[in-house]
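Subject: Handover of a structure and its salt bridges

Dear colleague,

Please find below the structure that I am handing over to you.

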Amino acid sequence: INVYESTVSLIANARSLFQRPFTEKLVPYKNVGDLLQTQCAANPAKNWLTFLDDGESVTTFSYSEFLELTSRLSSYMKYELNLGPGSRIATMSINDYRTVIVYYAAWILGACVVPINCGEDPDRIQFILDNANVELVFCATDQIVKASHLQKSSKVSFDIIQYGDDNESSYCQFDAVMRKVAKPIESDATLDSEALIVYTSGTTGAPKGVVLDQYNLLADAKSITEWNKFTSEDRAMCVLPIHHVNGTIVTIVTPMYHGGSLVLNRRFKAHGFWNNLAEQKCTWVSVVPTILAFLSELKSDITILDLTNFRHIICGAGPLTVELAQRFHYIFGVRIVHGYGLSETTCYSCFIPIDLSDAEYSQWMFECGFPSIGCAVEANEMDIQTEDGKSLGENE
């Protein structure tokens, strides 16, 4: 929409794979809503989302319950707030099941989510809200004062919906919206619809928004699913913040893609990490190297836990050293599927293989100075070059 006509072909070329033009899609779905409808039709009563709050409370939703809630919210945003394709919707909250509902409701609508890191400086949040032209903010109760100040000083006009059911608040309440009767909604979203604008935390200048469309999300989720051989029997645990692409793509979109289930933690807690994996019968979890460091320092005895369902840990989004990888493997004997990616390529671009022998695993992870980032997944291509930009061949 916002580019010169002569630029369209250049963009399509840049987004094409070597042997696959951009018009040949990797996924069979029309949009994210189509994926949700498909998985719900296949397993309506199956558990999709389990939310573990800090206070030990547990909230669960089946696929059909989740679809009902997202439909209610999509209907409200469309008919009550007049939002639709192209609208930008921000979230200000630490991990919360309501944020997952917001994400999928926005994608059904064809709207774009702008995740906000609540720990950011208010001036940076203000810039993001203004730069993205946000029209609606979903806000946790503990962020309502900040959101109110931002609303008054913003260059753009946006509504606020507050999580919870606070009768004393002057803002629209999320729980009240969920009690409204939903009108039928036909999704206008396409694979090209903007889905996320992720603002990178560069060290210089203002944050820069990375725009990801629905196809980006689905193609990377498919690639992550197939590389890790996930199936509908797999159950993921999310301990990473879902305002980051790692938390969003790997642990919110990917389990939906393969029809699995998700255990969402309010936040990472080293003392409860292994217990939650065992009790929830999770098969995998995505982490960053600092989490491996915390767990290695704590040295919990996992031999007393039933982790027979658990297969491996995905790790990326930060520099992993050989020393830390070896220490973690020595203490727990759990494999790390190391990889690399960036917001501009949606999330993960590559992983080490998951079926390496012990000797091969040791070579890839411990014997080359740094753990290998692996090989490109289906939705990405990679090139290894000299310092002057010359492509290198195999084994160079």
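The notes below concern salt bridges.

This is a predicted model, in which local features need pLDDT of at least 70, side-chain atom pairs count only at pLDDT 80 or more, and totals for chains, interfaces and linings use all residues. Residues are numbered from 1 along each chain as its sequence is written, and side-chain values use heavy atoms, with hydrogens and water left out.

The structure contains 15 salt bridges (a side-chain nitrogen of Lys or Arg within 4 Å of a carboxyl oxygen of Asp or Glu). One of them pairs K269 with D54, with 4.0 Å between the closest N and O atoms. K269 sits in the loop between strand 11 (261-265) and helix 10 (270-279), and D54 in the loop between strand 1 (47-52) and strand 2 (58-62), so this pair ties together parts that are 215 residues apart in sequence. Here helices (H or I, at least four residues) and strands (E, at least two) are DSSP runs, numbered from the N terminus.

A salt bridge also joins R88 and E194, at 3.0 Å from N to O. R88 belongs to strand 3 and E194 to strand 8, 106 residues apart. R88 is buried at 18% relative accessible area, whereas E194 is partly exposed at 27% (buried means under 20%, exposed over 50%, partly exposed in between, with a 1.4 Å probe and protein chains only).

Within helix 8 (residues 214-228), K222 and E226 lie 4 residues apart, about one turn of the helix. Their side chains form a salt bridge of 3.0 Å, N to O.

Yours sincerely
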